[in-house]
Amino acid sequence: PSSKATNSLPAIPAGKESDIKFYSANGAVLSGQQAFDQMPNASLILWLAGNQFFAMDDIIGTFQKANSGTSVGLITLPPGLLLQAIKAGGWLFGGKEYSGRPDIYASVNIGHLKELKKLGIMDQYMIYMHNELQIMVAKGNPKKITRIDDLVRGDVRTSMPNPVNEGIMQFYVRKVLERHGIWQRISGGKECVLCQRTSNNWFTAVHHRETPARIQSNQSDAGMVWKTEGLAALRTGATIEAVELPPDDSLREEVSYVIGALTGSAHADAGASFLGFLRSSAGQEAYAKYGFVKATNEQLVLKPIE
């Protein structure tokens, strides 16, 4: 960490310390400030789209079994926020500046990777898994929400991913809401983070942790999430359930998670090993356990970013 203050580095959102982790080679796992302090010592640094946070202890553990002696630094936050930090060269956290970039970056949209290609810091990518959209509601679905259009009923309070840096909203949910003609009613014409912009809608900072919490505390009735996040919330005992959507609203045919190594990475060999692990049956099965849909063999081949 350096001591000089700066406004150019993005800040780790408050309360998201558990999205910063350090997996030591001996099996110890640190989070938050301790993880950041160890990050320069990692033999591999991953910045991955946040909506896989609940699978990562298992994924990293499985990877380390096959790559003993490898320590891993991990940040799981919205991919737009991770991209800002890559461009800026680090983070602000706890009033300190942490410089650095990952070896591997993953997003839910190829558009983010194309920005890195323009900057000359990523050349190749692969698709490594898929997901789909669902509506999260309270257990028993007391508001009887069954479809997208129910999200703008007067008696329904929504918790939605923010349109500023959450890839799920930027690339997927917004498209569905616009197709249904209800985006303006949800957003009130404003794009913001951690904010109330209409009487019935709240935009989150990191939706996959906030939305189940808001529904359980009766602050919200429904929210758009990834299918895997509903499953993750249920595993923690959350009193929620998920409403499945038809394919044109779930986008299950087009939601692809993309990943690549940054050029000139300090740990290129370890990065290549991690991508190889994701291509393996062990890597694909590790994600599938959590409700993700496996990529095809063709998708798991590295290709040039066009």
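Arg-147 is partly exposed, at a relative accessible area of 48% (buried is under 20%, exposed over 50% and partly exposed in between, with a 1.4 Å probe and protein chains only). The model is predicted, so local features need pLDDT of at least 70 and side-chain atom pairs pLDDT 80 or more, whereas totals for chains, interfaces and linings use all residues. Residues are numbered from 1 along each chain as its sequence is written, and side-chain values use heavy atoms, without hydrogens or water.

**Salt bridges**

- The whole structure contains 18 salt bridges (a side-chain nitrogen of Lys or Arg within 4 Å of a carboxyl oxygen of Asp or Glu).
- Arg-147 pairs with Asp-150 in a salt bridge, at 3.6 Å from N to O; Asp-150 is buried, with 7% relative accessibility.
- A salt bridge also joins Asp-155 to Arg-153, with the closest N and O atoms 3.0 Å apart; Asp-155 is partly exposed at 39%, and Arg-153 is partly exposed at 25%.
- Through shared partners, salt bridges connect Arg-147, Asp-149, Asp-150, Arg-153 and Asp-155 into one network.
- Lys-87 and Glu-115 form a salt bridge with a closest N and O separation of 2.4 Å.
- This pair links distant parts of the chain, 28 residues apart: Lys-87 belongs to helix H3 (residues 79–88) and Glu-115 to helix H4 (residues 110–118) (helices are DSSP runs of H or I with at least four residues, strands are runs of E with at least two, and both are numbered from the N terminus).
- Lys-87 is partly exposed at 42%, and Glu-115 is partly exposed at 31%.

**Helix H2**

- Met-56, Ile-59, Ile-60, Phe-63 and Gln-64 are buried in helix H2 (residues 56–66).
- These buried residues line one face of H2, because they fall within an arc of 125 degrees when seen down the helix axis (taken from the directions from the axis to the C-beta atoms).
- Lys-65 and Ala-66 are exposed on the other side of H2.
- Among the elements covering the buried residues of H2 are strand S1 (20–23), strand S3 (44–49) and helix H10 (268–279).

- Asp-249 lies in helix H9 (residues 247–250) and is buried, at 6% relative accessible area.
- Beyond its neighbours within four places in sequence, Asp-249 is in contact with residues including Leu-133, Ile-148 and His-180 (contact means heavy atoms within 4.5 Å).
- Gly-32 lies in helix H1 (residues 32–38) and is buried, at 4% relative accessible area.
- Leaving out residues up to four places away in sequence, Gly-32 touches Glu-17, Ile-20 and Phe-93.
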